[in-house]
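Let me put it up first and then jot down what I look up.

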Protein chains: 2
Amino acid sequence: MTTLEQLGERKIIEALARLIGPGRDVITGIGDDCAVVRAGTDDWVITTDPVIEGVHFLSGEVPQRIGHKAVGRVLSDVASMGAEPLWLAINIVAPPTLELAVLEGIYEGANALLARCGGAIIGGDVAQGNNLELHVFGVGRLPAGTALLRSGAKPGDLLYVTGALGGSLLGKHLDFTPRLAEGQWLREQQLATAMIDVSDGLLSEANHLAECSRARVMVDAARVPTAPAAHHVDTHAPLAHALTDGEDFELLFTVPAEKTSVLEQAWREHFETPCTCIGTVEPGGGVHTLHAPEELTGNPGYEHFRLSDSTKNAGAENATE
Amino acid sequence: MTTLEQLGERKIIEALARLIGPGRDVITGIGDDCAVVRAGTDDWVITTDPVIEGVHFLSGEVPQRIGHKAVGRVLSDVASMGAEPLWLAINIVAPPTLELAVLEGIYEGANALLARCGGAIIGGDVAQGNNLELHVFGVGRLPAGTALLRSGAKPGDLLYVTGALGGSLLGKHLDFTPRLAEGQWLREQQLATAMIDVSDGLLSEANHLAECSRARVMVDAARVPTAPAAHHVDTHAPLAHALTDGEDFELLFTVPAEKTSVLEQAWREHFETPCTCIGTVEPGGGVHTLHAPEELTGNPGYEHFRLSDSTKNAGAENATE
């Protein structure tokens, strides 16, 4: 028998995805940041994210920041499809001895972010458990057929990332800004061919793009923007953090070569958020990293459930899958 | 400071609902079995339900039955609006040492029910935790403006319930049939004015109808159908179980007096599931129970978080709120 920790999150989800039949009006099921379903002249993106005490935040964290993160993770998934967020539902699991004020603080943080980003909480449930958990379900909307999937990257495209990466553990993972405006703008302008949000680490997400697009993604590490926090986490190279740390919630996307000058100029006119070209898409498969720091020995990013002695996988440098 | 167990589930949800602003295209937010949103020419119903080891099922339960229950709870909520189920997403929390076969069994049970009822799993996530939990999010559809809310009951209506009640703990809570066909038929035939599913106990649900409809609901206990299991749970009166046990997942609905003969005849032509008139709607408020068993001392049904010494509430006999 195989346990979850022997498999790791990715293979667990693959195993479960094989058990799922096709649904009505389902454009894209399991395997992207959101599922995409067709209803009338619109497509709808649907996503769920858990935020769990001891895994995604520490006990005693400021409730407003927990609420921000729980809702922000879902909004970031919606952003990565190029959609606008509409409706969210939240399941809360909490110990009976928890003070109501903690839940009220969580909602306060969630609502503050929603007031900036759009979307509203419309329902949910509460249940008892030993640890505090939030399970946020989100629905977003975009015109039919326009969702920016992971699978659209083509050889010849260039690879871009928003913001700067690494060291989010020092704070950004609790107060990041989901890149909704940027994601919707990229979709409206038809500038991007594929998009994903950076939740599990840059190389890991680049690997998802490569797998789903059946192409090779080349990441030039020397061009990856490192966040100030990446320099203060520990003694590891900031670049190693930028390449593998999770929870930056930036957008990673691909752009056809002939559109890059339009993109770069228009981006500067619209957004303060930086946007940096960090690589290319080529024929082949897997992720290839140029100028990677020596200490990057194959950890491609965070994966839930994974035993620590088996973290080497296809996202690593020189992977050839 | 107030803790969750001092408040109980209902007041926790009330407190959180006060913190939520209005969303775009939201027809009905927190406070019904599902939220209702407008999506083009259709309305969508959106609901979430947690199913947690130690709360909703015991450790070691057959995985297929856990999956059936987790999806069935959501389908029952969808049924209680009169909607057809479309898309579901599942967040799973599990210990790392859990065998994959358990999750596969859960999906098998979920899929078997979906194959009978409609709807498909389109996404989800997995995360680590100490106990096994499923958080199921569901979207259903119906023509705009036709959702059967809790708030539509009118004085003069008669109160009906499907199936037979009580003792679900002996097994029905894990293998019940969501009343989707019945719920959609009631909506299509425009026979019901209000509807709710019986998840927390008959009197508790009757109280929700009364509160939301600002009317008094009279339940004639002598007419409430008791399930065979209600006679075998313990030494309490079967009728007490039928009135207060949770998780029967039957439909409780109200019908205008002039439509009851049409309802009763057409029902028999369409369904094997029994449908029984058990009371009336009157001016006023709260739930009034006629012919209640003596031992029914005020427990109106199961409420999460509630301390056991404070379970008496407005759902009880002779409540006058």
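My notes below go from the pair of chains to the domains and then to the sheets.

**Entry 1: what I'm looking at.** I remind myself that this is a predicted model. I started with how the two chains relate. Chain A superposes on chain B by a rotation of 180° with 0.0 Å of shift along the axis, and the RMSD is 0.1 Å. The two copies are thus related as by a two-fold rotation axis. I also checked whether the copies use the same surface, and they do: 100% of the contact residues of chain A recur in chain B.

**Entry 2: the chain contact.** How many residues of chain A are in contact with chain B? I get 67 residues of chain A in contact with 67 residues of chain B. Next I looked up which elements of chain A supply at least two residues each to that side. The helices are H1 (4-7), H2 (9-17) and H4 (100-117), and the strands are E2 (35-39), E3 (42-52), E4 (84-94), E5 (120-128) and E6 (133-143). E5(A) has the largest share, with 9 residues. By class, the side of chain A that touches chain B divides into 37 nonpolar, 20 polar and 10 charged residues.

**Entry 3: two helices across the contact.** I picked out H4(A) and helix H2 of chain B, residues 9-17. Their axes come within 10 Å and cross at roughly 35°. The crossing of H4(A) and H2(B) is right-handed. Which residues make the contact? From H4(A) I noted Leu100(A), Leu103(A), Glu104(A) and Tyr107(A). From H2(B) I noted Ile12(B), Ala15(B) and Leu16(B). That comes to 6 nonpolar, no polar and 1 charged residues in the contact of H4(A) with H2(B).

**Entry 4: domains of chain A.** Chain A is divided into domain 1 (4-143) and domain 2 (150-310). Their C-alpha centres lie 22 Å apart. Here 28 residues of domain 1 of chain A are in contact with 24 residues of domain 2 of chain A. On the domain 1 side, H1, H2, helix H3 (63-80) and E4 of chain A give two or more residues each. H3(A) gives the most, with 10 residues. I wrote down the classes for this side too: 10 nonpolar, 9 polar and 9 charged.

**Entry 5: a sheet in chain B.** Ala39(B) stands opposite Asp42(B) in E3(B).

**Entry 6: another sheet in chain B.** I then traced an open sheet of 6 strands in the order E8-E10-E7-E11-E9-E12 of chain B, where the pairing is mixed. The edge strands are E8 (194-197) and E12 (287-290) of chain B, each pairing on one side only. The average twist is 25° from one strand to the next. Inside the sheet, E7(B), residues 158-162, and E10(B), residues 251-255, pair in the antiparallel sense over 4 bridges. The bridge partner of Leu158(B) in E10(B) is Val255(B).

Entry 7: Helix H6 of chain B, residues 180-188, lies across E7, E8 and E10 of chain B and runs at about 15° to E10(B). Helix H7 of chain B, residues 202-213, lies across E7, E8, E9 (216-220), E10 and E12 of chain B. H7(B) runs at about 155° to E9(B).

Technical notes: Residues numbered from 1 in each chain as written. Chains lettered and ligands numbered in written order. Predicted model: local features only at pLDDT ≥ 70, side-chain atom pairs only at ≥ 80, totals over all residues. Contact = placed C-beta atoms within 7 Å. Nonpolar A, V, L, I, M, F, W, Y, C, P; charged D, E, K, R; others polar. Axes fitted to C-alpha atoms, helices over the stretch in contact; angles between N-to-C directions. Left-handed = near helix turned anticlockwise from the far one by under 90°. Domains from an automatic or database assignment. Pairing = 2+ DSSP bridges. Least-squares fit on C-alpha atoms with pLDDT ≥ 70 in both.
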